[in-house]
Amino acid sequence: MDDREFRLYLKIDVTELDLWVEQGWLAPEVSEGRRRFRDADLARARLILDLTRQMGVNEAGVDVVMELVDQLHGMRGTMRRLVAAVNRQDAEIQQRLLRTLEELDDSGR
């Protein structure tokens, strides 16, 4: 989606979009000097709109929320890789790992 389509879809002006990009809340692809927005950018933009317009969150608050969203996304990727690595292990090792997780859960209660 190009810059204009993105703004029209979200009903925002270029100044607002430029701010979001400058703040690092959105990171569009740039090709031949033109910004291209992906579905992930659209989802992030909707969240930004909800935060700012519906919830009254200021720029500093949006910074915090977007950083937390990025951290959560990174952790999900790490967990997917960890699960894939565990699944490649022998059944015995998998069982030991599961027992260890259960022990950790029990000790944390």
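In which segment is the place of D2? D2 is placed in the segment before α1, where helices (H or I, at least four residues) and strands (E, at least two) are DSSP runs numbered from the N terminus. The model is a predicted one, in which local features need pLDDT of at least 70 and side-chain atom pairs count only at pLDDT 80 or more, whereas totals for chains, interfaces and linings use all residues. Residues are numbered from 1 along each chain as its sequence is written, and side-chain values use heavy atoms, with hydrogens and water left out.

D2 counts as buried because its relative accessibility is 16%, given that buried means under 20% relative accessible area, exposed over 50% and partly exposed in between (1.4 Å probe, protein chains only). A polar atom of the D2 side chain lies 3.2 Å from the backbone nitrogen of R4, and a polar atom of that side chain lies 2.8 Å from the backbone nitrogen of E5. When neighbours within four places in sequence are left aside, D2 is in contact (heavy atoms within 4.5 Å) with R34, R35, R36 and F37. Of these residues, R34 lies in strand β2 and, at 52% relative accessibility, counts as exposed. With its neighbours within four places likewise left aside, R34 is in contact with D2 and E29, while its C-alpha atom is separated by 18 Å from that of A45, eleven residues apart along the chain.

The axes of α1 and α2 come within 10 Å and cross at roughly 105 degrees, the axes being lines fitted to C-alpha atoms, for helices over the stretch in contact, with angles running from 0 to 180 degrees between N-to-C directions. The two helices α1 and α2 are therefore roughly perpendicular to each other, a class that covers angles of 65 to 115 degrees, with those under 35 degrees counted as roughly parallel, those over 145 as roughly antiparallel and the rest as oblique. In this pairing, D3, F6, R7 and L10 of α1 meet V14, L17 and W20 of α2.

Helix α3, spanning residues 39-54, has 16 residues and reaches 21 Å from its first C-alpha to its last, close to the 22 Å expected at 1.5 Å a residue, where the expected span is 1.5 Å times one less than the number of residues. Its buried residues are D41, L42, R44, A45, I48, L49 and L51, and what covers them includes α1 (3-10), α2 (14-23), β2 (34-36) and α4 (59-87). After α3 comes G56, with a positive phi near 70 degrees.

Apart from neighbours within four places in sequence, W20 is in contact with L10, I12, W25, L26, A45, I48 and L49.

Helix α4 has 29 residues and reaches 42 Å from its first C-alpha to its last, close to the 42 Å expected at 1.5 Å a residue. In α4, V62, M66 and G77 are buried, and the buried residues of this helix pack against α3. The N-terminal end of α4 is capped by N58, of which a side-chain oxygen lies 3.3 Å from the backbone nitrogen of A60.

Note on methods:
Polar contact = N/O pair within 3.5 Å; in protein donor to acceptor, adjacent residues only side chain to side chain.
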